[in-house]
Structures are given as structure tokens and as C-alpha cells.
Amino acid sequence: MAIVAPSFLSANFLSLETDCKMVNESQADWVHLDVMDGRFVPNITFGPMIIDFIRKATPKICDVHLMIVEPEKYVEDFKKAGADILTVHLEACTHLHRNIEQIKSLGMQAGVALNPHTPVEALKEVLHDIDVVLIMSVNPGFGGQKFIPNTLNKIATLRRMIDEKGLAAKIEIDGGVTLQNAPDIIKAGAHVLVAGNTVFKSKDPKDTIAQLKKIV
């Protein structure tokens, strides 16, 4: 079954407690929290303070996705805020292995994200150190974008790399995930579905999560 991670980028920030309650009562496995700095991506979202509030409102795994430059300066802040998984972008890290080791040394799972133009082969030398690989299936910065079809090929390639080496890294897909394309995403080899608008803009978010959860 798919691991489902509703993205709070699409939540109603006037009623975060209500949205947390909904996710808590649902079959969601993780909560996905997108941090944007207006430099690495053309948007600004939220930081450790909001994550701290959400952490206190949910027992779910907090999956924090840093779309920021110089992430090493803030890793300890996100640990204190309650991140369970901390994902940095390969494109933002000059010393990626050092970033991964820093995250893991603080007791968090380490994730690495790839933009649509970045080949999965770029992770070859560090794949054994990574807990989660997040493949961006849209260009990062904004919610509500359409899924880039070539992402399915990237997923399949990465899954072969992981399986051939006998590794345990999970493949997470972020961007444009819908009930319609989720089966193909899982079939290609992904483990984790990040869903923003698909969940929070649906008439029945809990039922939508349940449908995503059933995908095998």
C-alpha cells in the first residue's frame, strides 16, 4: 500500500488545527511540510515556528521538505521544531554528503530531493546513505501544478538502482499527484505519494486519502 503524505502547502492556514485534526483522523501516514525561502524557489511559505505548531497538533510523521539555499544553517532548528524526516535539494547543496550526515547525526531520517531536470544518476555515490529520495514531479515553488509525465521514467530508473544495490531508500513523489495518476506512479516504483490540492481541495479529504492509501 502507498504511504500517503498530505501536503500542508494546500491547507487552510486560517484553520490549521482543523486540518491537522482531519489528517489525524484519516489514514494518512505522514504530513508533508514544504519550506520555501524565496531564493531557491520563487515563493516563500513558512519556517520552524509553523512546523512546531503542527508537530504539537499531530502524532503523524513530520516530513519536512526544504526548498532553501544553505540548508545546513537551519537543520538544528527544524530538528527542534519536530521534523522526523528532513529533505534537502541536491541542487542547493555544495557538500551533499556532509548535509546528509548532519541530518542523520541529529536523529532524523535524511532525504534528498531532485528537480525535474536532475537525473537520478546524480545520487549514485550517496544513495546508500539516503532514507528518502524525493522526486519533484513539477517545478518546485508552487502547488497545483500538473504532473510531468517523464517523472514515471525517473521513478523506474531510480527503483532499479535501489533494488540492484539492495538498498532501503523510499521513493517519494511530490507534485501533481492525483487519484488518476497515482496508480501509475506506484506501479513505476514509488513508495510515497505527496498530495496537496488532491486532498485539501476535495469534497471529502479523508475519503480521498483512503483512496490513495489503497493503491498498490
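## Labels and the values behind them

Colleague: Why is Phe 142 called partly exposed?

Modeller: This is a predicted model, and in it Phe 142 has a relative accessible area of 45%; since buried means under 20% and exposed means over 50%, with partly exposed in between, Phe 142 is therefore partly exposed. Phe 142 lies in the loop between β6 (132-136) and α5 (151-165), and, leaving aside neighbours within four places in sequence, Phe 142 is in contact with Leu 9, Met 36, Pro 42 and Asn 43.

Colleague: What makes Gly 144 count as exposed?

Modeller: Gly 144 also sits in the loop between β6 and α5, and its relative accessibility is 57%; exposed means over 50%, so Gly 144 counts as exposed.

Colleague: Which residues does UniProt list under "binding site", and which of this set belong to the lining of the largest pocket?

Modeller: The unreviewed UniProt entry lists Ser 7, His 65, Gly 141, Phe 142, Gly 143, Gly 144, Asp 174, Gly 175 and Gly 176 for "binding site". From this set, the lining of the largest pocket takes in Ser 7, Gly 141, Phe 142, Gly 143, Gly 144, Asp 174, Gly 175 and Gly 176.

Colleague: Which residues does the annotation "active site" cover, and how do you know that they cluster in space?

Modeller: According to the unreviewed UniProt entry, that annotation covers Asp 34 and Asp 174. They are spread over 141 residues of sequence, yet the largest C-alpha distance is 10.2 Å, and the lining of the largest pocket takes in Asp 34 and Asp 174.

Colleague: Why is Asp 34 called buried?

Modeller: Asp 34, in strand β2 (residues 30-36), has a relative accessible area of 2%; buried means under 20%, so Asp 34 is buried. Not counting residues up to four places away in sequence, Asp 34 touches Ser 7, Leu 9, Thr 45, Phe 46, His 65, Met 67 and Asp 174.

Colleague: What makes the pairing of the Asp 34 and His 32 side chains a polar contact?

Modeller: The value for these two side chains is 2.9 Å, and a polar contact is a pair of N or O atoms within 3.5 Å, one able to donate a hydrogen and the other to accept it; the side chains of Asp 34 and His 32 are listed as making such a contact.

Colleague: Why is Asp 174 called buried?

Modeller: Asp 174 is found in strand β7 (residues 170-174), and its relative accessible area is 8%; with buried meaning under 20%, Asp 174 is therefore buried. A polar contact of 3.3 Å joins its side chain to that of His 65.

Note on methods: Residues numbered from 1 in each chain as written. Predicted model: local features only at pLDDT ≥ 70, side-chain atom pairs only at ≥ 80, totals over all residues. Heavy atoms only, no water. UniProt positions renumbered as here; feature names shortened; annotations may be inferred. 1 Å grid on protein atoms, 1.4 Å probe; cavity = no way out; pocket = protein on both sides within 12 Å on 5 of 7 lines; lining within 4 Å. Helix = DSSP H or I, 4+ residues; strand = E, 2+ residues; numbered from the N terminus. Buried < 20%, exposed > 50% of the residue type's maximum accessible area, 1.4 Å probe, protein only. Contact = heavy atoms within 4.5 Å.
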